[in-house]
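Reader: I have the sequence and the coordinates open. Please take me through the strands and the helix contacts.

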Amino acid sequence: MRTKHALVVVTMFGALLAVPGGGAHARPTPVPAGFAIPAAGERSAVLNELSGRIRQQERTRRKKPHNTVKPLPEKVRKKIANRVALRSPSVFGPKVVNVSRAAAADPAPSALVLYDDAGPYGFLGELYAVTTANLAGHFGTVTAKPVQDYVAGETEDHTSTIYIGSTYYGGAIPDEIPDAFYSDVSTTAKPVVWIGMNIWNLANKIGASTFSTKYGWDATNSFFGGVGTARVDYKGQPLTRTVPTAGDSGVIRPYVTNAPLVTQLATGQDPATTPETPYPWAVRSSNLTYLGEIPYAYVNETDRIIAWHDLLFDALAPGTATRHRAILRLEDISPNSEPDELQDIAEYLAQEDIPYAFQVVPRYEDPNGTYNNGVAETVRLQDRPALLTVLNYMLANGGRLIQHGYTHQNGSAANPYNGVTGDDFEFYRAHVDANDSVILDGPVVGDSVTWATSRINTGRQEYAPRGLPTPTIWTTPHYAASIADYTAIKNVFSAALERRIYPAGTLSGGALDYTRLIGQFFPYPVTDVTGGKVLPENLGNYEPEAYNNHPPRFPADIVKAAQYNLAVRDGFASFFYHPYFPVTPLQQTVQGIKGLGYTFVDPATVIP
């Protein structure tokens, strides 16, 4: 059987986050009730309006920057200025290094993630915080909360503090950032990461001259620029930035006043000049790291978010040694798979001594006879002794069995295609729209932790009676599930090897809103906000055909993404492959990744 398998692209309403994931192809994820969230590379009308408003507010602020912020009390400003004056660059630099070393030695680094939730688009802040907290979950414990809930002194209670400035404070939206946070950011020796907007408010609060003296750049004269930037250079890798020019608000570019105090960590290439000229995309001054944009918009496997994935090590574990590991996963094996095709793949991997994972859907269903001349068909593992023989060969030669759902479909209705195992979603509802895109519609009817646990365990009981080990790792069919499903997965399995989607309300504790989603792939193992262990899949898969509005992907594309991910000092190159394809593309991909210096590992050995 040759079928086209769904890969979800999660495009967040208003936030432009496009994350490939799922079976085999990326598709946009709009909300139900008719609102079309933009696909990767597109821009929503709502976000266009928001970006225009932000740009207009920023123009106003540039004219009277000091009128938008109420400064800190003079007593506090003098205290901050005195601390800065006592620290020459030569003295302050080593202090930061010592702090970083202490953080690296800390057996349990902790991150404080603060986000905006004010204004009509405040939900974006929470979704950005979810993804940030997930990444920080690789390093240790994470506390995430709205910035207005910050309590004085909390920067000292954590290894590092990360603030995500997604709401522009000015005009009709008053500043929600407490004075205590402004003060603590400017005086702490702990690492602080500031992303996006409102950095000028910090400068105005503590005094623009004090800010410039300490950090070597003037935040009150740092404005949006670099519209249309398509490349961000980081550690020698030309990372992509695919935000379309028509919807690009640009990057806030630090106006450097004392270059020796400023380290440019990543550099954007400005297309407004000929030739393109570099500008600072991310900088570090003293203990403050600043990113001029929130890097979760229009994300793909070669994106500038890779720089952010690595910069988190500086904040939370700067002593981490460099190593590069790879994970291969064979996808969508079911009782209806062809043993000869699997054997060819398995023998190649055995010859190359490549450890790998292989996913097995324990029960095959074709309720409408789509591939069986109109006759409904069910195939179970016990019906395929030849397949079981190959699976045991794989287990004996470097393979790790992973459970991939129970039936990898849900009932006889199209979800979104035909109800057939491997083609359809199991834990989420979906349909194909008039533009030939797969649309996520929300959790399945009756979804709950109890329902998901029952379905998972029913499938899990299919392996041992056939002489196979009971899986301890899971992959969600097409990477789409609810928070309840993720909770069930966490309760049953040691880890999941997958990408994930998260709805608004995940952090706030309110009602979950599945019309507002953010999706994420991981560059290294994490403990996510649900408490589950998630292993990385960050390169996608081989797919020689273009369909559902997405281009083909070849071995060279996967290898290039692996190359760019070398910038992550302890990152992974993790991809999946459908074994009904020939051996040659897999060989090309494996050899290309090995040639970059990656070492293939058993995913069970990297569970946090």
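Reader: What is the strand order of the open sheet of 9 strands?
Author: This comes from a predicted model, where local features need pLDDT of at least 70, side-chain atom pairs count only at pLDDT 80 or more, and totals for chains, interfaces and linings use all residues. Residues are numbered from 1 along each chain as its sequence is written, and side-chain values use heavy atoms, with hydrogens and water left out. Strands are DSSP runs (E, at least two residues; helices are H or I, at least four), numbered from the N terminus, and two strands pair if DSSP finds at least two bridges between them. Pairing in this open sheet is mixed, and the order is β4-β3-β5-β6-β15-β14-β13-β9-β10.

Reader: Which strands stand at the edges of this sheet?
Author: An edge strand here has a single partner strand, so one side of it is left without a neighbour in the sheet. That applies to β4 (141-146) and β10 (237-240).

Reader: With which side chain does D233 make a polar contact of 3.0 Å?
Author: A polar contact is a pair of N or O atoms within 3.5 Å; within protein, one must be able to donate a hydrogen and the other to accept it, and residues adjacent in sequence count only if both atoms are side-chain atoms. The contact of 3.0 Å is with the side chain of Q269.

Reader: Is α9 roughly parallel or roughly antiparallel to α10?
Author: The axes (lines fitted to C-alpha atoms over the stretch in contact, with angles from 0 to 180 degrees between N-to-C directions) of α9 (residues 339-351) and α10 (residues 385-396) come within 10 Å and cross at roughly 10°. Angles under 35 degrees count as roughly parallel, over 145 as roughly antiparallel, 65 to 115 as roughly perpendicular and the rest as oblique. That makes α9, relative to α10, roughly parallel.

Reader: Which residues of α8 make the contact with α4?
Author: The axes of α4 (residues 123-136) and α8 (residues 305-316) come within 10 Å and cross at roughly 60°, which makes α4 oblique to α8. Contact means heavy atoms within 4.5 Å. From α4 come T132, L135 and A136, and from α8 W308, H309, L312 and L316.
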